[in-house]
Amino acid sequence: MASGVNVDDTVIAAFNEMKVRKHVSAEEMKKRKKAIIFCLSPDKKSIIIEEGKEILVGDCEHIEDVYKKFIDMLPRDDCRYAIFDATYETKEARKEDLVFIFWAPEGAPLKSKMIYASSKDCIRKKCTGIKHEVQANSLEDVQDRSNLALKLGGASVISLEGKPV
């Protein structure tokens, strides 16, 4: 079911910045986005970047647990989309992958769940190249980093964002 919701150009630009893995200076790297949360515009016609809901790579130096900080940014009573640049280690190597998260908590209004669910394909089609997708309906689905680790590489993942799984 199509919702008629459009994806704002700023969403696409922010995603493309996250996706491109090029060698940049340390200063430019600090400005790179680690996580972004997207919401519907007030008129419910566009998917936009939620103001103040992003984490930059440079911010990570001052955050003890980046993944927990990201989870704490998700609203408890409404739906959102998010992209998280997950850094994890397997038994063989250190890796980075973008993860698309569809956040639809049980306490969100039914109308919000419906419009976010029907608009998800729209944003997913614009954000090409994401290998991993998570749908989370409760804090339990996302707080335990082992759930995300399973999506990223199963039992071979030993740490996520520098914390053991």
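Mentor: The discussion below takes these features in turn. Please keep in mind that this is a predicted model.

Trainee: How many disulfides does the structure hold?

Mentor: A disulfide is a covalent bond between the sulfur atoms of two cysteines. The structure holds zero disulfides. For Cys60, the nearest cysteine sulfur belongs to Cys127 and lies 20 Å away. Cys127 is likewise in no disulfide, its nearest cysteine sulfur being that of Cys122 at 9.5 Å.

Trainee: Is Cys127 buried or exposed?

Mentor: Residues under 20% relative accessible area count as buried. Cys127 has a value of 1%, and is therefore buried.

Trainee: Let us turn to the strands. Which strands does β7 pair with?

Mentor: Strand β7 (residues 157-160) runs antiparallel to strand β4 (residues 80-90), and three bridges join them. Within this pairing, Val157 of β7 stands opposite Thr90. Strand β7 also pairs with strand β8 (residues 163-164), again in the antiparallel sense, over two bridges. There, Ser159 has Pro164 in β8 as its bridge partner.

Trainee: What lies between β7 and β8?

Mentor: The two strands form a hairpin with two residues between them. Glu161, in the turn, has a positive phi of about 55°.

Trainee: Which residue meets the side chain of Glu161 in a salt bridge?

Mentor: The partner is Lys34, with an N to O distance of 3.0 Å. Glu161 and Lys34 are both buried.

Trainee: How many salt bridges are there in total, and which others deserve attention?

Mentor: There are 12 salt bridges. One of them joins Glu17 and Lys33, whose closest N and O atoms are 3.9 Å apart. Glu17 belongs to helix α1 (residues 9-19) and Lys33 to strand β2 (residues 33-40), 16 residues apart. Glu17 is partly exposed at 47% relative accessible area, whereas Lys33 counts as buried at 13%. A network of salt bridges links Glu17, Lys33 and Glu54.

Trainee: What is the N to O distance between Asp72 and Arg76?

Mentor: Their side chains meet in a salt bridge at 3.7 Å. Asp72 is partly exposed, with 41% relative accessibility, and Arg76 is partly exposed at 37%.

Terms used. Residues are numbered from 1 along each chain as its sequence is written. This is a predicted model: local features need pLDDT of at least 70, side-chain atom pairs count only at pLDDT 80 or more; totals for chains, interfaces and linings use all residues. Side-chain values use heavy atoms; hydrogens and water are left out. A disulfide is a pair of cysteine sulfur atoms within 2.5 Å. Buried means under 20% relative accessible area, exposed over 50%, partly exposed in between (1.4 Å probe, protein chains only). Two strands pair if DSSP finds at least two bridges between them. Helices (H or I, at least four residues) and strands (E, at least two) are DSSP runs, numbered from the N terminus. A salt bridge is a side-chain nitrogen of Lys or Arg within 4 Å of a carboxyl oxygen of Asp or Glu.
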